[in-house]
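Have the viewer open as you read.

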Amino acid sequence: MVKTAEASSLKLTPRLELELARRLHQQQQERYWHGELPVLLLERCWLKLQAIPVERLAAELPPDCTAAAPELEAFRHCCREGLSQEAAEAHCWREFGEEACRLALKRHWQAQERGHGGWTLEIYLAFLARYQQSFAASGPRPLPLLILARAGTAEPHRLLWLAAP
């Protein structure tokens, strides 16, 4: 079946184990990176395993990009450069406008309250880079399995990389 320390900690039905093994075998037949490569999504509550093409992942599971708003990035940059928070805020208000800064911050906090399972733009881009790099290397390629956080909880999604035995 599937061999990884993380995957062995999963409690899956025999049907799901077989499906994971089948998907992993199929993915190992691929020779190059392309948008139709599978990403597995597991909804634990329903024991539902879904394979979606990597090119549709952002549409199916949109990453939270509110922290990457230019207004907030500029604020963090100013703080890293040594400006006080008050001076950084004043700078951003001059550059973007007070209302735009407030709206960017409001959207960011609303996203935090809604929850996104830790699925941020930064993590999504790192995921894509790792998956793509796995096709540049020789040998078996790991298959990504994203275990979705339970609805209404603060727990994060868990990303596992399944390896062929």
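What follows covers the sheet, a helix lying across it and a pair of packed helices.

This is a predicted model, so to speak of local features takes pLDDT of at least 70, side-chain atom pairs count only at pLDDT 80 or more, and totals for chains, interfaces and linings use all residues. Residues are numbered from 1 along each chain as its sequence is written, and side-chain values use heavy atoms, with hydrogens and water left out.

Start with the sheet: 4 strands form an open sheet, ordered S2-S1-S3-S4, with mixed pairing. Strands are DSSP runs of E, at least two residues, and helices are runs of H or I, at least four, numbered from the N terminus. Pairing takes at least two DSSP bridges between two strands. S2 and S4 are the edge strands, each pairing on one side only. From one strand to the next, the twist averages 25 degrees. S1 and S2 run antiparallel, joined by 6 bridges; Glu 43 has Lys 48 in S2 as its bridge partner.

| Strand | Residues |
|---|---|
| S1 | 38–43 |
| S2 | 48–53 |
| S3 | 143–147 |
| S4 | 158–162 |

Helix H7 (residues 121–136) lies across S1, S3 and S4, at about 0 degrees to S4. Angles run from 0 to 180 degrees between N-to-C directions, using axes fitted to C-alpha atoms (for helices, over the stretch in contact).

Now the helix pair: H5 (residues 85–96) packs on H6 (residues 98–114) at about 115 degrees, axes 6 Å apart. That makes the two roughly perpendicular (65 to 115 degrees). Contact (heavy atoms within 4.5 Å) involves Cys 92, Trp 93 and Phe 96 of H5, plus Glu 98, Ala 100, Cys 101 and Arg 102 of H6.

Technical notes
Parallel < 35°, antiparallel > 145°, perpendicular 65-115°, else oblique.
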